[in-house]
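Trainee: I would like to learn how to read a predicted fold step by step, from the whole chain down to single residues. Could we go through one together?

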Amino acid sequence: MSLLFTNYTLNSPRGPLKLANRIVVAPMCQYSAVNGEATDWHLMHWGNLLNSGAALFIIEATGVTPEGRITPACLGLWDDRTEAALKDKLSRARKLAPATPVFIQLAHAGRKASSATPWDGGQLLAVGQGGWETTAPSAIPQLEGERLPHELNKSELKELIDAFVVAAQRSDRIGVDGIELHGAHGYLLHQFLSPIANQRTDEYGGSYENRIRFPLELFKAVREAYQGVLGIRISASDWIEGGWTPEETADFAARLKPLGADFVHISSGGISPAQKIAIGPKYQVPFAKIVKDKSGLPTMTVGLITDPHQAEEILQQGDADLIALARAFLYKPRWAWEAAAALDGIVPSNERYWRCLPREAQAIFGNVKVGQR
């Protein structure tokens with residue numbers, strides 16, 4: 001049998017979580033919330049991807065504070081109102097699909113917050129245009145010439161940890177199966193890790209040991225408050241000379257393991273427009289292998305994995321444990337069905353779709369039968 005369609009178990013203090021296959025829908029921002037609240041767009045989008053055949057669906061970057069959103073249209077989870085909206089849309093979407101584990105990505109955008117939506121240019125919004133003051137490890141802007149972010153002081157760091165902890169507790173009440181902290185793509189936790197963005201002179205900046213201090217403290221606090229599956233997404237490389245490296249990522253992941261990390265999700269880039277990314281098929285997979293080998297943690301890989309045979313090869317070579325796709329699922333919401341047909345796999349399905357299969361894919365839903373007269 002194809003490894004892509006074998007089951008996989010993620011462990012946590014609460015107990016094991018069994019995944020039906022190795023396919024993950026990675027978090028994808030939808031920029032469709034209203035004042036942080038999930039909307040009918042999310043109901044449709046989540047329902048669609050929960051019917052994709054993937055074994056795990058991860059909800060997009062969700063701001064733990066209003067100021068932590070990337071854009072004014074980003075999803076949030078910071079009060080009873082945003083919690084109720086997310087719970088309503090998620091519970092309704094789950095009723096429309098096969099039982100599928102759901103994680104949520106908790107995030108703070110740091111200096112990349114207060115941005116316009118991508119279709120409005122994606123640039124920093126002025127306060128008079130609906131923007132707000134951004135925060136960061138150091139008063140260094142994302143782009144040259146932008147207004148400076150506010151450098152977080154130690155009491156504000158404690159408040160941020162508290163915000164992540166409360167959001168994790170809200171996530172638990174909503175009924176998600178796991179949490180992914182967002183430490184990638186140039187957002188706040190990545191900003192602390194990277195010497196490009198973190199030039200503090202206190203114990204939270206400068207050396208590698210100091211730069212990882214705040215993310216480790218935050219992870220430890222969330223782990224103490226949340227007993228479900230908990231992991232983190234990390235940008236393994238800044239793609240800039242003198243920036244954050246894959247080797248540092250692997251060491252950081254190894255330090256997360258005794259703090260209770262259950263998985264790592266390896267991506268890259270996002271810290272600066274000066275990055276020079278060598279984009280190509282499976283371009284981030286070598287980073288995942290380095291982290292997997294060093295940390296021993298269950299590892300997700302992502303990035304220009306578009307063909308089922310690519311995904312299978314990654315697993316067969318032991319480079320990662322789980323295969324995450326993002327935009328590929330926007331373009332082909334039934335990518336996992338096609339992969340099952342190509343690799344003789346079986347995917348979970350809603351019985352309403354049992355009649356749809358073409359001749360070459362008749363077996364992908366398993367031994368199902370329908371009748372009609």
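Trainee: How many helices and strands does the protein chain have?

Mentor: Helices (H or I, at least four residues) and strands (E, at least two) are DSSP runs, numbered from the N terminus. By that count the protein chain holds 11 helices and 12 strands.

Trainee: What does the radius of gyration say about the protein chain?

Mentor: The radius is taken over C-alpha atoms, and the globule rule is 2.2 Å times the number of residues to the power 0.38. For 373 residues a compact globule would come near 21 Å, and the protein chain has 20 Å, which agrees. Its C-alpha atoms fill a box of roughly 75 × 40 × 40 Å along the principal axes.

Trainee: What share of the residues in the protein chain is buried?

Mentor: Buried means under 20% relative accessible area, exposed over 50%, and partly exposed in between (1.4 Å probe, protein chains only). Buried residues are 59% of the 373 in the protein chain. If contact is taken as heavy atoms within 4.5 Å, residues 24 or more positions apart supply 70% of the contacts in the protein chain with a separation of 6 or more.

Trainee: How should I read the two faces of a strand?

Mentor: In a regular strand the side chains alternate between the two faces of the sheet. In β10 (residues 263–267), F263, H265 and S267 point one way and V264 and I266 the other way, and all are buried. Two strands pair if DSSP finds at least two bridges between them; β9 and β10 do so in the parallel sense over 5 bridges, with R233 opposite H265 in β10.

Trainee: Which strands pair with β12?

Mentor: β3 runs parallel to β12 and is joined to it by 3 bridges, with V24 opposite A324. Strand β11 (residues 299–301) also pairs with β12 in the parallel sense, over 2 bridges, and here T301 stands opposite I323. Both faces of β12 are covered, with L322 and A324 buried on one side and I323 and L325 buried on the other.

Trainee: And how do I read a helix against its surroundings?

Mentor: An α-helix has 3.6 residues a turn, so residues three or four places apart point the same way. In α11 (residues 335–343), the buried residues include W335, A336, W337, A339, A340 and L343. Their cover includes β3 (23–25), α9 (308–316), β12 (322–325) and α10 (327–331). Just after α11, D344 takes a positive phi of about 60 degrees.

Trainee: Is L189 buried or exposed?

Mentor: L189 lies in helix α4 (residues 188–193) and counts as buried because its relative accessibility is 3%. Leaving aside neighbours within four places in sequence, L189 is in contact with H182, G183, F214, P215 and L218.

Trainee: Where is T245 found?

Mentor: T245 is in the loop between β9 (229–235) and α7 (246–256), and counts as partly exposed because its relative accessibility is 26%. The C-alpha atoms of T245 and S235, 10 residues apart along the chain, are separated by 8.9 Å.

Key: Residues numbered from 1 in each chain as written. Predicted model: local features only at pLDDT ≥ 70, side-chain atom pairs only at ≥ 80, totals over all residues. Heavy atoms only, no water.
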